[in-house]
Amino acid sequence: MSGLMTFLIALAAIAAAGWAFRFTGQKVTGNAPRFRDMAFAVAFGYALGTAVLIWAVWTYVQAQFILPEAEANKYFYFVTAIHGFILFAVLAFLFRLLGRAVGTAGSRKLFRQMPLTASFGVLVILLYTFFAIFAAWLAPHGQEQVFAQANVVPGGNPALGGDPAFPLGTDQIGRDILSRLIYGAQNTVGIAFVTTMIAFLLGGSLGFLAATLRGWVDQSLSRLVDVLMAIPALIFALLLITVASAWVKGTGLTIAMVLIMALIDSTRVFRLARAVGMNIVVMDYIEAAKLRGENLRYIVFREILPNATAPLLAEFGLRFCFVFLTISSLSFLGVGIQPPLADWGTMVKDMSSFINYAAFAPQVSSAPLLAAGAIALLTVAVNFVVDWMLHRSSGLKE
Amino acid sequence: MGEAAANLILHEKKPTGILDSVLKIIAQRLALGLLTLFIVSIVIFAAVNLLPGDFAQAILGQGATPEAVEAIRTDLGLDQHPVKRYMQWLGGALQGDLGSSFAQANFASFVGEDSGVRTSVAQQIAPRFANTMFLAGVTAAIAVPFAVTLGILAALYRNSIFDRATNILTLSSISSPEFFLAYVLILFLAVLNPWLPSLSNIYDGMAFSDRLEKTLLPALTLTLVVTAHMMRMTRAAIINLLASPYIEMARLKGINPMRVIVKHALPNALAPIINVVALNLAYLITGVVVVEVVFVYPGIGQLFVDSVKIRDIPVVQACCLIFAAAYILLNLTADILSIVSNPRLRHPK
């Protein structure tokens with residue numbers, strides 16, 4: 001009850017502050033239009049924003065400098081989140097500066113128009129690609145290697161139960177978490193990428209085929225896709241994986257999952273490829289190619305495909321995010337990427353009980369959040385880049 | 001006189017004509033939805049039954065005795081023709097009989113006798129279905145007003161700091177996996193600040209307030225996922241409308257911006273917004289599966305995942321059918337509501 005009272009009093013105080021802010025603004029500036037026409041909701045918004053900012057800074061200062069360590073533990077994640085946010089913002093800014101100074105005229109121009117969110121996205125994607133390709137050299141240990149020291153606390157501080165040999169600790173059976181995170185970049189991202197590629201090859205070529213041939217090919221393929229799309233993707237994937245799991249185990253099941261996800265996602269790609277293809281097929285140059293007597297393969301791959309790359313590329317980014325999230329969800333549910341491959345979704349599932357120790361030993365519970373955060377960071381980055389690309393290509397101001 | 005009568009007839013006939021066409025469109029959509037559901041049921045059945053190999057053998061594994069395999073085969077009617085089995089399955093499903101689950105069938109055959117007390121799939125699903133509907137209801141009750149208000153505000157103050165901040169926040173929440181959001185909420189609202197319970201152990205005969213408290217954290221997680229989509233689509237729909245001439249007119253008359261939105265833009269934006277809401281509730285279906293597993297919420301999604309792991313085919317089929325039906329139904333609702341709420345169709349000239 002007292003919590004509710006505090007909340008209501010805080011709300012009233014913010015409302016009063018908003019009103020006072022507008023009133024003083026009007027008096028001080030002599031009724032400048034900016035303050036005269038300000039709606040109360042806007043003034044309230046400014047006051048609320050300021051209050052949140054003050055609260056965040058105050059909590060940060062308290063946790064960092066004032067409170068004793070045992071009490072500051074409560075704010076460990078808050079402080080870490082702020083550090084992470086500032087670190088990435090500064091890195092993205094520096095990366096954009098670098099991009100503006102180095103490179104060809106074209107790439108420099110690209111970086112000049114880039115918002116900070118997009119440069120953050122590009123930077124994160126590059127980092128992940130780097131880790132995925134060189135995982136075997138960067139990881140200190142193997143992904144399946146089991147050590148005698150299980151449940152080592154992240155942080156590498158021996159006083160808190162850490163071990164400098166395992167900077168992010170080890171899991172319940174003694175596998176190095178840092179190595180598994182780095183190998184996870186290779187496995188999780190790599191498998192999602194391969195799945196998206198297969199989905200695009202299958203859906204794209206069938207979509208263009210349907211757009212070019214029309215008639216019964218188009219009709220039967222489109223109706224089939226309609227039916228497959230009437231079942232939610234994750235549900236359908238779970239059904240098909242159940243069936244597949246009766247026949248294959250372990251790595252075989254991972255491959256089956258890749259094929260199942262590729263099939264389900266190719267229906268979405270088919271829709272787009274067909275729609276884009278339909279618009280291109282009616283062009284004069286296609287007519288000319290047909291009159292020249294070019295065969296179907298030439299028309300699809302040399303005439304339609306080059307003209308459909310822009311929308312397909314943006315779709316590739318979004319599709320990749322979707323596949324990546326679905327595969328992670330499947331792994332989290334225990335039916336996606338199978339051990340011994342290290343994978344972020346499985347890591348979250350295996351270590352999720354660590355979260356309950358956050359109140360007194362925050363470092364312990366950071367392990368599952370790191371894996372889940374690694375997934376979120378990449379999808380956020382890809383979405384930021386795709387958002388910017390769509391904004392640029394549509395030329396929208398809103 | 002004649003002309004007036006003709007005029008009257010014309011005015012009389014036209015509205016009913018348009019109403020008829022609305023009804024006709026709705027009837028068409030309904031028929032199409034039913035047809036889709038029928039075909040989807042065939043797909044779900046075929047996915048399990050038309051694959052090569054002996055299913056009973058695959059379920060029981062290499063070490064199974066021939067008797068056990070044979071017991072499963074006759075128990076499930078695997079020795080009958082697939083079309084006949086499909087008819088029986090669909091007929092049963094329509095009457096609420098979804099068969100009996102494998103976990104129970106297995107047990108019966110190992111004991112060597114059928115005690116006749118095994119629970120049917122329908123009995124297993126019914127209470128969980130109610131729980132899931134409760135979760136979805138609480139989520140919708142929080143998410144819909146929140147998302148629509150945020151969307152209107154973002155459209156009203158577009159390109160301001162508020163709009164940009166919400167854009168970044170919603171984009172991040174769309175991109176995060178559901179379990180990440182769930183664990184972050186657990187971390188801050190259940191572990192670091194013990195305000196809400198992190199486990200949703202719901203049982204029959206609980207007080208409503210208890211039940212609501214235990215449902216709140218999963219509902220908040222789903223709200224975060226759905227609100228982002230809903231809010232972005234509401235914002236887009238309203239911005240689209242704000243470009244039209246009659247809004248420009250209202251603004252030039254000097255009406256204050258909030259009134260322009262609420263009185264002039266919103267009635268016409270209702271159709272797209274209702275559409276957005278229904279579509280996003282359909283999106284909840286996917287989210288429910290993961291969120292129920294994280295919070296150990298005894299709903300249909302958790303049953304589904306558990307059955308997938310132990311390959312309990314009848315339960316998996318039944319859950320799949322229910323999820324697909326809900327998905328199709330919500331999409332159908334979105335379709336029909338957007339037709340009905342179109343002012344041009346409701347108020348014919």
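Helix 5 of chain A crosses helix 6 of chain A in a left-handed sense. The model that shows this crossing is predicted. Helix 5 covers residues 76-101 of chain A and helix 6 covers residues 105-112. Their axes are 7 Å apart, and the packing angle is about 145°. On the helix 5 side, the residues that meet helix 6 are A:R96, A:G99 and A:R100; on the helix 6 side, A:S107, A:R108, A:F111 and A:R112 take part. By class, the residues of this contact comprise 4 charged, 2 polar and 1 nonpolar.

Chain A as a whole can be described next. The domain assignment divides chain A into domain 1, at residues 1-66, and domain 2, at residues 79-398. Between the C-alpha centres of domain 1 and domain 2 of chain A there is a distance of 41 Å. For residues 185-390 of chain A, an unreviewed UniProt entry gives the feature "domain: ABC transmembrane type-1".

Chain B contains 349 residues, of which 37% count as buried. Among contacts in chain B with a separation of 6 or more, 72% join residues 24 or more positions apart. An unreviewed UniProt entry places the feature "domain: ABC transmembrane type-1" in chain B too, at residues 129-334. This stretch of chain B is 83% helix and 0% strand, and its end C-alpha atoms lie 22 Å from each other.

Where the two chains meet, 46 residues of chain A contact 48 residues of chain B. On the chain A side, the elements that supply two or more residues are helix 11 (233-245), helix 15 (309-333) and helix 17 (366-394). Helix 17 of chain A provides the largest share, with 11 residues. The side of chain A that touches chain B consists of 31 nonpolar, 12 polar and 3 charged residues.

A few loop residues also deserve a look. A:P362 sits in the loop that links helix 16 (344-351) to helix 17 of chain A. A:P362 counts as buried because 22 C-beta neighbours lie inside 10 Å, and the cut-off for this class is 20 or more. Apart from neighbours within four places in sequence, the contacts of A:P362 are A:N73, A:F76 and A:Y77. A:P362 and A:F76 are 286 residues apart along the chain, with their C-alpha atoms separated by 6.6 Å.

Key:
Residues are numbered from 1 along each chain as its sequence is written. Chains are lettered from A and ligands numbered from 1 in the order in which they are written. This is a predicted model: local features need pLDDT of at least 70, side-chain atom pairs count only at pLDDT 80 or more; totals for chains, interfaces and linings use all residues. UniProt positions are given in the numbering used here, feature names are shortened, and annotations may be inferred rather than shown by experiment. Axes are lines fitted to C-alpha atoms, for helices over the stretch in contact, and angles run from 0 to 180 degrees between N-to-C directions. Helices (H or I, at least four residues) and strands (E, at least two) are DSSP runs, numbered from the N terminus. A crossing is left-handed if the near helix is turned anticlockwise from the far one by less than a right angle, and right-handed if clockwise. Two residues are in contact if their C-beta atoms, placed from the backbone, lie within 7 Å. Ala, Val, Leu, Ile, Met, Phe, Trp, Tyr, Cys and Pro count as nonpolar, Asp, Glu, Lys and Arg as charged, and the others, Gly among them, as polar. A residue is buried if 20 or more other C-beta atoms lie within 10 Å of its own, exposed if 12 or fewer, and partly exposed in between; C-beta atoms are placed from the backbone. Domain bounds come from an automatic or database domain assignment.
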